[in-house]
Amino acid sequence: MSATNFWPRATKYDVHVLQLEYPGTLSDSARALINETLVLTDVLRANQNTEHRWQSQITALTTQRLKTAFLSLSTHLNDKDSKLALEWRAQTFDDQNTKKDLCEKIAQMDEKELVCYSGAMSTWVGKSKELFYSTFYATPNENLQNVSNVVDEHIDEAVLTLKNNVNPELKCLPFCGYKIVDLFASSGEANLYPKHFAYFMPEDEGGKYAGAKRTIVFANVYSALFDNISTQRLAVYGWVDSDLPSTNNISTYLIAWFRGHDLGHSIVTPATSFRALSKCDRWGSMVLQEALADIFGLLICTTSSIVNELKLDKEKLARVYLLEMLRYLRRGPYDFPDAGAAYVQLKFFIESGCLELNSKGEIHADLAGFYPAVLRLAGHLSENILQGNIESAELFIRSYCPHHDVENCTNIMAKIGVITDTLEYEQRIREV
Ligand SMILES: [Zn+2]
């Protein structure tokens, strides 16, 4: 059992409350059933904390009751895919052998009414190598789904631009689905800290190497992280609110970049082998895969058709990206691969002169020099990491990854500080 529900360890936390409203279309009985599954999941999660005589009996009885509740809940829904996904979800508690197939089938659903996941899940790499019981409910966010779809529709043009500007060998592997939702209820491990806002399914529920996969993104949680935490550092860059996209538009920028990041994971050359790189330096490989995804994701968003269709301002996109880079980095460069990736990017931008970090932790950003530096970083990363040359990849890892660059990283972190901000969900449905 862990000594605290928070992670990484800190002596204090600043907790920001995100209110989660449930959909008004849910009947009283549906709300009661959802509540019951949330409580049962908390019981299952608590039951994982210590070994005792009745542990497996409690798990067996509780999951049977969960199964019945999901089956009942499905009868309260109207949308075909939402109902079917819940029926399959119920069956995942019966038999571990059929769970893999069922989870893959659920990953292919296009729920229009309710997205529900429940079962043993992992949340953060490094924090939960084990799977812990979690349940979450969300509603599809159609507007932001359209933003993500626009990025997908122009991926061929984006890859062509990357081939012309970065490396002619680049190509895009088949990519996973992306489901943009707003979270409205969460329990078990998923409701601990820090809150996890993107799940790779079915991988995060234990289904490795699945044929059908999709990423579930909680758009409202992601926006709350940006609003509450990233924007705290506006003054560090010397910017003001009006330098950013308007409040109504900020999610478009975040989701476009985040979808770009997801697609960025699929951009490789014919010689790329992350498996070989992971054997040499697993953490370094994970960090650089995240850095590649961040940089390709940003460049994908700057593709002409995507910029035009989503009406993105490239300078504002650069500021959103730089604020997010700082938020990721300040979560702890040794604790999360994506925070390590933020360090790689910051270090490169400082070296290339487009960012200057002074002793007070203030950053001067030369936005005119920013995108040329991004292209240079994309070039270095693809040359050293994606061409299958392990020696040059190891050299790059040793120069840029925080776990090999501890002294410089410690100096930078002393200037910019670690984040102890975290989100708490106020779940209205649990009041019923
Ligand atoms: Zn990633």
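Where is the place of Tyr 209? Select Tyr 209 to begin: its place is in the loop between E6 and E7. The model is predicted, so the geometry described on this tour is that of a prediction.

**Stop 1**

Although Tyr 209 is not a glycine, its phi is positive, at about 55 degrees. Tyr 209 counts as exposed because 8 other C-beta atoms lie within 10 Å, and the cut-off for exposed is 12 or fewer.

Stay in this loop and select Pro 202, which is placed between E6 and strand E7 (214-218). The peptide bond joining Met 201 and Pro 202 is cis, with omega about 5 degrees.

**Stop 2: the sheet**

Now display the strands. The open sheet has 5 strands in the order E2-E3-E5-E7-E6, and the pairing is mixed. Strand E2 (115-121) and strand E6 (198-201) are the edge strands, each pairing on one side only. From one strand to the next, the twist averages 35 degrees.

Select residues 132-140 and residues 177-188, which are strands E3 and E5. The two run antiparallel and are joined by 7 bridges.

**Stop 3: the segment before E1**

Go to Pro 8, found in the segment before strand E1 (14-20). The peptide bond from Trp 7 to Pro 8 is cis, and its omega is near -10 degrees.

**Stop 4: helices H10 and H13**

Select residues 282-301 for helix H10 and residues 337-352 for helix H13. The helices pack at an angle of about 65 degrees, with their axes 8 Å apart. The crossing in which H10 passes H13 is right-handed.

To see the contact, show side chains on both helices. The H10 residues include Met 286, Leu 288, Ala 291 and Ile 295; among those they meet in H13 are Pro 337, Ala 341 and Val 344. By class, the residues of the contact of H10 with H13 are 8 nonpolar, 2 polar and 3 charged.

Keep H13 alone. Its 16 residues reach 23 Å from first C-alpha to last, close to the 22 Å expected at 1.5 Å a residue. H13 is mostly covered, with 13 of its 16 residues buried. Just after H13, select Gly 353, where phi is positive at about 90 degrees.

**Stop 5: the loop between H11 and H12**

Finish at Lys 311, in the loop between helix H11 (304-310) and helix H12 (314-330). Lys 311 is not a glycine, yet has a positive phi of about 55 degrees. Lys 311 is exposed, with 9 other C-beta atoms within 10 Å.

Conventions
Residues numbered from 1 in each chain as written. Predicted model: local features only at pLDDT ≥ 70, side-chain atom pairs only at ≥ 80, totals over all residues. Axes fitted to C-alpha atoms, helices over the stretch in contact; angles between N-to-C directions. Helix = DSSP H or I, 4+ residues; strand = E, 2+ residues; numbered from the N terminus. Left-handed = near helix turned anticlockwise from the far one by under 90°. Contact = placed C-beta atoms within 7 Å. Nonpolar A, V, L, I, M, F, W, Y, C, P; charged D, E, K, R; others polar. Expected span 1.5 Å × (residues − 1). Buried ≥ 20, exposed ≤ 12 C-beta atoms within 10 Å, placed from the backbone. Pairing = 2+ DSSP bridges.
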